Amino acid sequence: VSAVCQQDGIYYIQSTPDFSRDYSIRKYALGKSDESYEPLFEAYLRDCGFYDYRVSAEGVRLVLARDNQITFQDSADGSVQTWEMPEGSGFSSYRVEGISEDARQVYWLGDSWDLSAYWITDTPLYQTDLFTGKSKQLEVPPKPEPYMSVLDSVFFEESLFFTARIVYEGGSDLGLYRWDLTAGTLEACFRYTLEPAEDPEDEEKQYYREDYLHNSLYLDKETRQLGFATQVNRLETPKRLFRMDLSDGKAAEIAVNFSPEPNPTESIQWKKHCYQWNPEGSLVLFGFGSSLYGVNSRGEEVLRIPAEGYDPFARFLPEGESLLLLTADRVLRQYRLSDGACLASIDLTEHRDNVSVYGDQVQLSWVEEDTVALFTGWDGFLLDHTGETVKIRAVLEQAIGYDSRNDRFFVAESESYSGKPATVGSFPRYTLEDLLEKAEEILN
C-alpha cells in the first residue's frame, strides 16, 4: 500500500486481494462517510448473542436484549430507552421471542432455551411494554389435554405457535397449536398420530418408534410457511415432513421413503438450519449427517449435496431454481435444483475475515426479486442473482439486519476494548441512480 496525506484526507493505492495488476485509488476523510447514516443508540454488544437482535419498522427501529436489560429506540421522536427486566431474570434465564406488529410490546420467555418438556405454566411468557417499561406475565390458556408437553415454539404475528406431544392410553399424538397472545385463546391447528413400536412390549423396539424431531420447527416469514418433522426415534432419521401454510391454514405432509446416511462422528445428525419447503410444496430441503437432501412430494430423494460441518445453512433463492448453501469452510455455494450442479462458489473470507458460519447467526433476507441480503454474524453481503449465477454486489461491513419496510440496513461499529459502548445505526440501500448522483456531487 502506498499512501499520501493531504488536508482533506488520506489517499492510498490498493491492489485486489489476489495481488493482480488491478489497482484502485481510495481515500479516507474525517467525518461521516455517508450523511444518510442515522445513529440509533449506544450499546455493549460484545457479550450479546446475535439471535437477541430484533428488527421492526413500526415504532421501534431495533431492540437489543443483553443480560437483564432491553434497549430500544422510538422512531417517532428518536428517544432511546433502556428497561430493566424483572428481578431475578438474566441472559441465562430468559429468551426474547418477538416484537408485536405495532412494535410496542416485546414478548419473552422465562427460560433462555425453550419450552421443551414443560407446559407453558412451567416456562412463563412475559410481555413488556417498550414505552412504559412495565412487564406482566401472560395468563396461560387451560391445558387442552391432561397429558401433554410443549416441544418447540416460534413467534409470529402476535401468536406463539408450538408443537406438543399428547400422551394417552395406547399411544401418543403430535399437535401444532396457536396461542393468540392478544385474545388469550389457544387453537389446535394440526394433529397427527405417531406410529407406535412394532412390539410395545419389546424394550429394544420401543426405541425405534416414531417421535417428534426436536428442533425441526421453523418459520419462513417470506412465504408464511411453518414446517416441522418426525423421526425414527434413536436414529434421528427423518420419517415425515410437515408443512402448514399460515395464509390459509392448509397442511401437507411427505413420508420420507429413503434412509439418509448419518455421520458417525457427529452427535447431532439433523441440521436445523437446512430445513425448508419451497412455496409450491413440491420440494423440501433438509440436512442430515454430512449431506443436504432434496425430497419431492412422493418422499423420494432427488438431490444430495455435501454439507460438512456442525451447523450449515441452506435456503432456496426467490427465483425457485437454485439454492444457497453456507458451510463450515466459509464458502457460499449455489446449486441448481434440477440436477444438483454447483453454479457458483464464493469464498467469503476473501471479502471479510471473521465470517460466522453457524446457522443461528446466519439469516437471508429478500430485498428485491433479483437481490438477497446474507447476514453472517457481524457482516452482510448483498447478493445479485440477475443471471444464472449469484455474485456479490456489495459487502455490508458490521451489518446485523435489514429493514424491508424502510429499505435500510442496520449496522454496528466495532466495539473497542476501551470500555466504551459501540454505536448501533442504520443507512439506506442505494440504487444505481442514487450512487451516480453521489458521485456527481463529489466530482463537482
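Two strands are taken to pair if DSSP finds at least two bridges between them. Helices (H or I, at least four residues) and strands (E, at least two) are DSSP runs, numbered from the N terminus. The structure is a predicted model: local features need pLDDT of at least 70, side-chain atom pairs count only at pLDDT 80 or more, and totals for chains, interfaces and linings use all residues. Residues are numbered from 1 along each chain as its sequence is written, and side-chain values use heavy atoms, with hydrogens and water left out.

The protein contains two helices and 36 strands. Of its 444 residues, 49% count as buried. Buried means under 20% relative accessible area, exposed over 50%, and partly exposed in between (1.4 Å probe, protein chains only). Contact means heavy atoms within 4.5 Å. Among contacts between residues at least 6 apart in sequence, 41% join residues at least 24 apart.

Strand β26 is joined to β27 (residues 322–326) by four bridges in the antiparallel sense. Ala314 stands opposite Leu325 of β27.

In soluble globular proteins, nonpolar side chains tend to be buried together. A nonpolar core is defined as a set of buried Ala, Val, Leu, Ile, Met, Phe, Trp, Tyr and Cys residues joined through side-chain atoms within 4.5 Å. The largest such core has 17 residues, and those with the most contacts inside it are Phe190, Leu226, Phe228 and Leu246. At least two residues of this core come from each of β13 (148–156), β15 (171–180), β16 (185–193), β19 (225–232) and β20 (237–245). The largest share, three residues, is supplied by β13. Apart from this core lies another, of 16 residues, including Phe313, Val357, Val372 and Leu374. Phe228 has contacts beyond its neighbours within four places in sequence, among them Leu174, Leu176, Phe190, Tyr212, Arg240, Phe242 and Tyr275.

Lys271 is found in strand β22 (residues 270–277). Its relative accessibility is 2%, so Lys271 counts as buried. A polar atom of the Lys271 side chain lies 3.1 Å from the backbone oxygen of Ile268. A polar contact is a pair of N or O atoms within 3.5 Å; within protein, one must be able to donate a hydrogen and the other to accept it, and residues adjacent in sequence count only if both atoms are side-chain atoms. Not counting residues up to four places away in sequence, Lys271 touches Glu266, Gly287, Phe288, Gly289, Gly309, Tyr310 and Pro312.

Thr223 sits in the loop between β18 (218–220) and β19. Thr223 is buried because its relative accessibility is 16%. With neighbours within four places in sequence left aside, Thr223 is in contact with Pro279 and Trp366. Thr223 and Pro318 are 95 residues apart in sequence, yet 10.0 Å apart in space, C-alpha to C-alpha.

A disulfide is a pair of cysteine sulfur atoms within 2.5 Å. By this rule the count is zero. Cys189 is partly exposed, at a relative accessible area of 22%. Cys342 is likewise partly exposed, at 43%.
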